[in-house]
Amino acid sequence: MFAALRPNILSRAAAVQTRPIMSRLYTTGSGNSSLLVVEHRNGAVDGATLNALTAAQKLGGDITALVAGGAPENVAKEIAKYGGITKVLVAKDDAYAHSLPETLAPLLVEAQKKLGFSHVFAGHTAFGKNVLPRVAALLDVAAISDITGIESEDTFVRPIYAGNAIATVKSSDKVKIITVRGTAFPAATTIQNSPSEEAAPDAEKTALSEWVGEELIKSDRPDLNSAKRVISGGRGMKNGENFQMLYDLADKMDAAVGASRAAVDAGYVDNSLQIGQTGKIVAPELYIAVGISGAIQHLAGMKDSKTIVAINKDAEAPIFQVADYGLVEDLFKAVPEMTQKL
Ligand SMILES: Cc1cc2nc3c(=O)[nH]c(=O)nc-3n(C[C@H](O)[C@H](O)[C@H](O)COP(=O)(O)OP(=O)(O)OC[C@H]3O[C@@H](n4cnc5c(N)ncnc54)[C@H](O)[C@@H]3O)c2cc1C
């Protein structure tokens, strides 16, 4: 049914070339001392923090985890089990209950000033992207975002131009403030570890912003960030109701459902599903793009997937240039057929 295609465009090649860099082990600096900012929700450590921890481990040196929250005790206990962590700083205060960046940034700055970390790491998530640039600004240093590799203690690898070029950046700042692309580093694993635990330094609680409430989308499907299989729909789906076809297929495959920005902007699905430069970055074992043309901004979010399958009725669609398998077909015929056969 599918024709095998050769992934031959620059962007796919560039992404693949980063792999040898990422797989090197850097235990450069016993003098390094990293602060890992722990993101958590409902009493559990967020997966992106474990990817950021692996980056900190590769750098080498001491790693202090900072857990802030209204009731951070369980998260502090959980993160303490992971390898490489030498100390856990706990900031318990209702002001930290909802991870507001305006409140967290002064805390991190205070911890950095008192304890003199050489590096501060967080996941490149909405949380990390919200908090760390503020910390960098307050410390008057550059923020180094979305790294995919560590060359040495001052040199890092990061994609630019929506992943079409890979930059190697060197920072001469005293402290490096870094967010880590989750798909570039495997999640850290637990070991028998017993780091010390102490209270984080006191910091001013600003009243610049206030948490009012949140509306969360609840789903029993696998989380997009960690799913092994992802099926995404684009403008070709025509409307939101038609996404049910993708949910039916996803249910058969234990897959998460994603979308292009065009599908999100047209209101077919919620923007938590958006994949790409301004959405989520995923690298599942299998990515199926349905009715998606393959704009570079979309590829930026999925081209590191292990196997890419494209279904599109236009044989000239750019998505076929990055696809390992392509099906030139009307999606309204192909998707129900696949679901039925599975
Ligand atoms: C700054 C910036 C940031 C952006 N960030 C993102 C981002 O994060 N993520 C993102 O996705 N985009 C992003 N975009 C938008 C991006 O440029 C494209 O506009 C968008 O990805 C197009 O989405 P699409 O492929 O679904 O739609 P289209 O480009 O319209 O493609 C629809 C495809 O569906 C196919 N199709 C139609 N009907 C059928 C059918 N019945 N059967 C099979 N195939 C069919 C068509 O042949 C076509 O190839 C960004 C743009 C900018 C400028």
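Guide: This is a predicted model. To start with the ligand, a polar side-chain atom of Q274 is 3.0 Å from one of the ligand's oxygen atoms.

Visitor: OK, and what does N312 do there, how far is its polar side-chain atom from a ligand oxygen?
Guide: For N312 the distance from a polar side-chain atom to an oxygen atom of the ligand is 2.7 Å.

Visitor: What about G279, which part of it lies 3.4 Å from a ligand oxygen?
Guide: With G279 it is a backbone N or O atom that lies 3.4 Å from an oxygen atom of the ligand.

Visitor: How much of the ligand's accessible area does the protein cover?
Guide: The ligand has 980 Å² of accessible area on its own, and the protein covers 76% of that.

Visitor: And which pocket is it in?
Guide: The ligand sits in the second largest pocket. Elements giving two or more residues to the shell around the ligand are α7 (261-265), α8 (296-299) and α10 (331-341).

Visitor: Which residues come nearest?
Guide: There are 26 residues around the ligand, and R235, S260, T278, S293 and N312 come nearest. By class, that shell has 13 polar, seven charged and six nonpolar residues.

Visitor: Switching topic, what are the domains?
Guide: The domain assignment gives domain 1 as 8-199 and domain 2 as 229-341.

Visitor: How far apart are their C-alpha centres?
Guide: The C-alpha centres of domain 1 and domain 2 are 30 Å apart.

Terms used:
Residues numbered from 1 in each chain as written. Predicted model: local features only at pLDDT ≥ 70, side-chain atom pairs only at ≥ 80, totals over all residues. Heavy atoms only, no water. Domains from an automatic or database assignment. Near = heavy atom within 4 Å. Polar contact = N/O pair within 3.5 Å; in protein donor to acceptor, adjacent residues only side chain to side chain. Areas by Shrake-Rupley, 256 points an atom, 1.4 Å probe, with all protein chains shown as cover. 1 Å grid on protein atoms, 1.4 Å probe; cavity = no way out; pocket = protein on both sides within 12 Å on 5 of 7 lines; lining within 4 Å. Sits in = over half its atoms within 2 Å of the grid points. Helix = DSSP H or I, 4+ residues; strand = E, 2+ residues; numbered from the N terminus. Nonpolar A, V, L, I, M, F, W, Y, C, P; charged D, E, K, R; others polar.
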